[in-house]
Amino acid sequence: MAGAGALKRRRLLQALACWAVLGPARALQPVLTPSTGPMLDAEQSKVFRSWMIRIIELQLSRGPSPRWQHRDCAGLVRFAVREALRTHDAKWLRANGMPAGALPPDVRLRPEQQGLGAVWQHVDGSKQAFVTALALVQQNSRYLGKEVSQAAPGDLLFFDQGDDQHLMVWTGRYIAYHTGTVSPTDNGLRAVTLQQLQQWKDTRWQPHGNNPNFIGVFRLAFLSR
C-alpha cells in the first residue's frame, strides 16, 4: 500500500510539473486540465472571495451550519463556494446565523454562470454536486505553484499523503481546514497561522517547496483573478 501511494504521488507531481511548464492547452495529462466554462470577471471574483472567506469564518466561529452535510476538507470548500454564490437576503442571513451589517454585495451572476458551485467536473467528464479533494484540484482548479505567497484569499493548499488527499483554504490571515473526522466534542474545524503550519511537528503538513507531500497552491478555475 505504501509503495502504491508513493507511486501515485510521484505521478501526480510529475503531471503537475508538466502542466505548470507547458500550460493547460499543451499538458500531457488532460486529467489535470480544469474544465472550461463560464468564469467570474475580476469584480465578481473579488466579491466571491469576500463571501467565501466570511462563510468559512462563520463555520469556525459558530460551528458547522446544519446545511453543510459532507463534513470533510473538500466538503468545506464545496459548501463555502455554493453559499458564496447564493443570494444573501434576510432569510439566508437568519438561516446561517450571520449578523446583518457591513456585508459585501451579492455576486451578480449572468445566466450562463448560474450553475457555478452547484455541479463539479469529474475525471470521467461527468458533472455532479459531489467532488473529492483530488478531483476538485485536478478538474476544477488551476495550479499556481508551490509558493504559498502566490495564494489569494479563497485559494487552496493541496496535500497528498499517499492514500489520502487533503485541502486547506488560505483566508488571507490564516489557513482553515476540516480534519475529516467529527466527534461529539470536536467538529473537526481548524484554523492555524501560516507560520504555525510551516513549523508543524509532522513535516508532511508543512507547506514548503521541498515537501513532496505538499503539491501546491490551486485556484478555483472559474475565478479570473
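A salt bridge here is a side-chain nitrogen of Lys or Arg within 4 Å of a carboxyl oxygen of Asp or Glu. By this rule, the structure has 10 salt bridges. The model is predicted: local features need pLDDT of at least 70, side-chain atom pairs count only at pLDDT 80 or more, and totals for chains, interfaces and linings use all residues. Residues are numbered from 1 along each chain as its sequence is written, and side-chain values use heavy atoms, with hydrogens and water left out.

**View 1. A salt bridge joins D41 and R110.** The closest N and O atoms of the pair are 3.9 Å apart. D41 sits in the loop between helix 1 (2-22) and helix 2, and R110 in the loop between helix 4 and strand 1 (120-121), so the pair ties together parts that are 69 residues apart in sequence. Helices (H or I, at least four residues) and strands (E, at least two) are DSSP runs, numbered from the N terminus. D41 is partly exposed, at 35% relative accessibility. R110 is partly exposed, with a relative accessible area of 35%. Buried means under 20% relative accessible area, exposed over 50%, and partly exposed in between (1.4 Å probe, protein chains only).

**View 2. E83 has salt bridges to R67 and R82.** For R67 and E83, the closest N and O atoms are 3.5 Å apart. R67 lies in the loop between helix 2 and helix 3, and E83 in helix 3, so this pair ties together parts that are 16 residues apart in sequence. E83 is buried, at 0% relative accessibility. R67 is partly exposed, at 29%. E83 and R82 also have their closest N and O atoms 3.5 Å apart. R82 is partly exposed, at 29% relative accessibility. Shared partners join R67, R82, E83 and R86 into one network of salt bridges.

**View 3. The largest nonpolar core has 44 residues.** A nonpolar core is a set of buried Ala, Val, Leu, Ile, Met, Phe, Trp, Tyr and Cys residues joined through side-chain atoms within 4.5 Å. Those with the most contacts inside this core are L40, F48, M52, V81, L136, L167 and L220. Elements giving two or more residues to this core include helix 2 (42-62), helix 3 (73-84), strand 5 (165-170) and strand 8 (214-220). Apart from this core lies another, of 13 residues, with F159, W170, L197 and V217 among them. Beyond four places in sequence, M52 touches V77, A80, V81, A84, G154, V169 and L220. Contact means heavy atoms within 4.5 Å.

View 4. Two strands pair if DSSP finds at least two bridges between them. Two bridges join the antiparallel strands 5 and 6. V169 has A176 in strand 6 as its bridge partner.

**View 5. T171 lies in the loop between strand 5 and strand 6 (175-178).** T171 is buried, with a relative accessible area of 7%. The C-alpha atoms of T171 and E57 are separated by 8.6 Å, and the two residues are 114 residues apart along the chain. A polar atom of the T171 side chain lies 3.3 Å from the backbone nitrogen of R173.

Conventions. A polar contact is a pair of N or O atoms within 3.5 Å; within protein, one must be able to donate a hydrogen and the other to accept it, and residues adjacent in sequence count only if both atoms are side-chain atoms.
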